[in-house]
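I opened the model today to look up strands, helices and charged pairs. My notes follow.

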Amino acid sequence: MSTAPYKTLRLEASDEVIINKSRFIGYACPCETEEEALAFLQKIRTRHKDATHNCYAYVIGRNAGVMRYSDDGEPGGTAGLPMMEVLKNQGVVNCCVVVTRYFGGVLLGAGGLVRAYTQGTVIALKAAQVVRMEPSQRYLCEVAYPLWDKVQHAMRSLPLQLVSSEFTTAVSFTILTREKDADFILNELTRITDGRFESLLEEESFQAWDEET
């Protein structure tokens with residue numbers, strides 16, 4: 001697999017903040033296509049038909065080929081563009097953010113609106129969890145029972161995810177690793193078991209990894 005890693009969102013989520021009596025609700029959702037982004041936008045618009053504004057920004061395509069945003073009635077450049085700037089600054093793609101506003105009676109001014117919609121986008125992304133999608137490999141592995149404790153201990157310090165384990169005549173377990181880490185991990189598990197370790201590549205795909213891992 002040679003396609004470059006990219007950042008997107010783990011799940012659909014929301015958060016909200018009150019700014020000078022106005023309620024701002026930030027919604028974020030991973031979307032693979034523009035149709036999915038528009039469907040998510042319509043869902044939020046329907047949920048908040050009584051809101052003052054439902055501003056949005058979305059980026060579709062691993063290379064950010066589609067970028068759209070809207071102020072939805074707010075003064076030009078005070079909502080959609082600041083929201084898009086947050087998405088660009090965080091480098092996330094294949095996602096849509098909607099910030100819903102219920103006006104609280106206090107005018108925020110252009111600068112206040114920019115800050116409010118920026119904050120609404122930031123909290124939405126935080127709730128939805130930015131993740132790094134990387135080329136990954138899943139391996140089915142097997143070791144004898146006496147080696148399992150040693151393997152478990154080693155795996156805790158290796159950059160992998162233990163997907164499942166099954167105890168039959170031996171210990172069969174499935175691990176998920178980034179493609180770039182696979183050789184090191186397999187070599188390490190082979191080393192600590194003195195070569196008594198078997199592995200079979202089951203699948204190659206893009207998988208979500210936390211930013212800090």
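Which residues cover the two faces of E4, and are they buried or exposed? On one side I find His53, Cys55, Ala57 and Val59, and on the other Asn54, Tyr56, Tyr58 and Ile60; all are buried. Buried here means under 20% relative accessible area, exposed means over 50%, and partly exposed lies in between (1.4 Å probe, protein chains only).

Before going on, I note the ground rules. This is a predicted model, in which local features need pLDDT of at least 70 and side-chain atom pairs count only at pLDDT 80 or more, while totals for chains, interfaces and linings use all residues. Residues are numbered from 1 along each chain as its sequence is written, and side-chain values use heavy atoms, with hydrogens and water left out. Helices (H or I, at least four residues) and strands (E, at least two) are DSSP runs, numbered from the N terminus.

**Entry: strand E4**

I counted burial along E4, residues 53-60. Eight of the eight residues are buried, so the strand is largely enclosed by the rest of the structure.

Next I looked up the partners of E4. Two strands pair if DSSP finds at least two bridges between them. E4 is joined to E6 (residues 95-102) by seven bridges, and the two run antiparallel. In that pairing, Ala57 stands opposite Val97. E5 (residues 66-70) also pairs with E4 in the antiparallel sense, over five bridges. There I see Tyr56 opposite Ser70. E4 and E5 make a hairpin, with five residues between them. Gly61, in the turn, has a positive phi of about 100°.

I then picked out Cys55, which lies in E4. Its relative accessibility is 0%, so Cys55 counts as buried. I listed its contacts (heavy atoms within 4.5 Å). Leaving aside neighbours within four places in sequence, Cys55 touches Ser70, Asp71, Asp72, Glu74, Ala79, Met83, Val97, Val98, Val99 and Tyr117. I also checked the distance from Cys55 to Asp181, 126 residues apart along the chain. Their C-alpha atoms are separated by 41 Å.

**Entry: helix H5**

Which residues of H5 are buried? They are Asp181, Ala182, Ile185, Leu186, Glu188, Leu189 and Ile192. These cover an arc of only 165° around the axis, which puts them on the same side of H5. The arc is that of the directions from the helix axis to the C-beta atoms. The face turned away from this buried side carries the exposed residues Lys180, Asp183, Asn187 and Arg191. I looked up what the buried residues of H5 pack against: E7 (130-143), H4 (145-155), E8 (160-167), E9 (171-178) and E10 (198-210). Just after H5, Asp194 takes a positive phi of about 55°.

**Entry: helix H4**

I ran the burial check on H4 too. Its buried residues are Leu147, Trp148, Val151, Ala154 and Met155. Their arc is only 130° around the axis, which puts them on the same side of H4. Pro146, Asp149 and His153 are exposed on the other side. E7, E8, E9 and H5 are among what covers the buried residues of H4.

**Entry: salt bridges**

How many salt bridges does a search of the whole structure find? It finds 13. The criterion is a side-chain nitrogen of Lys or Arg within 4 Å of a carboxyl oxygen of Asp or Glu.

I took Lys88 and Glu85 to begin with; their side chains meet at 3.3 Å, N to O. Both lie in H2 (residues 80-90), three residues apart, about one turn of the helix. Lys88 is partly exposed, at 45% relative accessible area. Glu85 is partly exposed as well, at 31%.

Glu134 came next. It forms a salt bridge with Arg132, the closest N and O atoms being 3.3 Å apart. Glu134 counts as buried at 4%, while Arg132 is partly exposed at 32%. Glu134 also meets Arg178 in a salt bridge at 3.5 Å, N to O. Glu134 lies in E7 and Arg178 in E9, so the pair ties together parts that are 44 residues apart in sequence. Glu134 and Arg178 are both buried. Salt bridges that share partners join Arg132, Glu134, Arg178, Lys180 and Asp181 into one network.
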